[in-house]
Amino acid sequence: MSDMAVPHGMAGEFEPSLFGAYSKKIGMWLFLLSDTLTFGALLFAYSYGRISNPDWPTPFHKESIINATIMTGCLLSSSLTMVLGVLAARRGDRSWTRNWILFTMFFGVAFIVLHGMEWTKLIAEGMTPSKNPWSSTVQQFGGTFFTLTGMHMMHVTIGVIYLGVVALRKKFLPILLICWLAAWLGTPADSVFHVGAHVILIGAIVAAMIMFLKPKDYDAHDVEIAGLYWHFVDLVWMFIFPLVYLMSTRITG
Amino acid sequence: MHTVDTHHDEGKGQYFWVWGALLVLTAAEVGLAYNQVFQPVQMLEALMILSVIKSALIIGWFMHLKYEIAAMKWVMMTAVTICLCLMCVFFADAFRIVHLGVK
C-alpha cells in the first residue's frame, strides 16, 4: 500500500458550505424537500380519486369544518410561537426559547387532540379505510383520507416530541412516558388515542437513544432546524385543509 | 446556548403581520368553501391559489428562505416545483375515467 501525502491547503479542505448555510440546515432542507414529494404523492393520489369519482363523499358538516378551522388556527399560531422561539434562541435567551417552544408544543398537542376527536367521530359514523357510509361506490375515500391525514398527524406528533427534546432534553423523557401511559390506559380500547398512544412510546425510545448516545446542549442552530421541520408540518396542512375538508363540505339548510 | 449572527432584520412585528395574513387567508378559504361561491373546478383553483400564497408566506418568512442566498432559493424551489408539476401527468387519466369510464 503506498502512502499518499495529502497536501494541506487544497481547495476541498476548506470548501465553503453549500449555499453559505451550516450543514445541519442544508440537511434539514433536503429532508423536507424529499418529504414534500411524499406528501405531494399522497395529495395527488387523493386528488386523482376525487376527480375520477363523481360520487366522492362530502361528509364534512359545519361542526367538522369549524373543528378543522380551529386546527388550522392552532398550527398557524404554533408557527408564530416557533419563529419567536428561534428569535429568542438567536439572542441567547434560553428562558424565552424554552417558553416559546413549550407554547408551540401546546398548540401542536391541541391539533393532535382535535384531529383525534375528528377521526373518532368519523369512525363512529362507520368510516373505515375500506368503506364509508356515504358512498358505496367510492370505497377508497376512507383509505386515502386516513393515510393522508394520519401521515400528517404522525409528523405533528414527531414534531412535538422533537421540540420537547430540544426544549427540555432528558427531563422530557419521563413526561413522554407519563403521556404514553395516560393515553394508553385512560382511553377505551376502540379509541383512536388508545392505538395512537404507542407512537409516543416509540418516540420516547428513539429520543432516549439519541439523548443517551449523543448527549449535547442544543444551541440556536438546533432550535432553528427544529423550527424548519415544524413550519413544514404547518405548510403541508395548508394544502390538506382545503383539498380534503373544504372541497368536501356538506352544506345543509 | 450559543447566539447566532443574523444578517437580516429581526423585528418581531413582521412575523405577527404574516401570522395575521395567514389567518385572514384561511378565513377567506373557509368563507369561499362554506358559501359555495364557485363551481367545484373554480373553487379548487381559488383554494389552491390561496394555499400557494399561504405557503409562500410560511416558506419566505417563518422558514426564513427569504433571507437565504438566491442560489439556495432557486435550487430548492425550482426542484420541488418541477417534481410536483410532473405528478400532474396522472390527472389526464383521472379525467379520462370520468368521461370514458374504467376500461
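Because the model is predicted, local features need pLDDT of at least 70 and side-chain atom pairs count only at pLDDT 80 or more, while totals for chains, interfaces and linings use all residues. Residues are numbered from 1 along each chain as its sequence is written, and chains are lettered from A and ligands numbered from 1 in the order in which they are written.

The model scores ipTM 0.89 and pTM 0.90. Confidence in each residue is given as pLDDT, the predictor's score from 0 to 100. Chain B averages a pLDDT of 85. In chain B, 87% of the residues score at least 70. Among the elements of chain B, helix H1 (residues 13-34) has the highest mean pLDDT, 95. Helix H4 (residues 91-100) of chain B has the lowest, 75. Over residues 2-6 of chain B, pLDDT stays under 50. For that stretch the model has 10 contacts beyond four places in sequence (a contact requires C-beta atoms, placed from the backbone, within 7 Å). Where pLDDT is low, the predicted coordinates should not be read in detail.

Chain A has seven helices and zero strands. Its elements run α-α-α-α-α-α-α from the N terminus. Elements are DSSP runs, numbered from the N terminus: helices are H or I with at least four residues, strands E with at least two. The C-alpha atoms of chain A fill a box of roughly 75 × 40 × 40 Å along the principal axes. Of the 253 residues of chain A, 38% are buried (20 or more other C-beta atoms within 10 Å of the residue's own; exposed means 12 or fewer, partly exposed in between; C-beta atoms are placed from the backbone). Among contacts in chain A with a separation of 6 or more, 77% join residues 24 or more positions apart. Chain B has four helices and zero strands, in the pattern α-α-α-α. Buried residues make up 17% of its 103 residues.

The contact between the chains takes 44 residues from chain A and 43 residues from chain B. On the chain A side, helices H1 (23-52), H2 (62-91), H3 (94-124) and H7 (220-245) each supply at least two residues. H2(A) gives the most, with 13 residues. The chain A side divides into 26 nonpolar, 13 polar and five charged residues. Here Ala, Val, Leu, Ile, Met, Phe, Trp, Tyr, Cys and Pro count as nonpolar, Asp, Glu, Lys and Arg as charged, and the others, Gly among them, as polar.

Within chain A, the axes of H1(A) and H7(A) come within 10 Å and cross at roughly 10 degrees. H1(A) is therefore roughly parallel to H7(A) (angles under 35 degrees). Axes are lines fitted to C-alpha atoms, for helices over the stretch in contact, with angles from 0 to 180 degrees between N-to-C directions. Residues in this contact include Trp29(A), Leu32(A) and Phe39(A) of H1(A), and Ile225(A), Leu228(A) and Phe232(A) of H7(A). By class, the contact has 14 nonpolar, two polar and four charged residues.

Ser64(A) lies in helix H2 of chain A. Ser64(A) counts as partly exposed because 17 C-beta neighbours lie inside 10 Å. Leaving aside neighbours within four places in sequence, Ser64(A) is in contact with Glu118(A) and Tyr245(A). Ser64(A) and Leu246(A) are 182 residues apart in sequence. In space, their C-alpha atoms are 9.9 Å apart.

How values were computed. Two residues are in contact if their C-beta atoms, placed from the backbone, lie within 7 Å. Angles under 35 degrees count as roughly parallel, over 145 as roughly antiparallel, 65 to 115 as roughly perpendicular and the rest as oblique.
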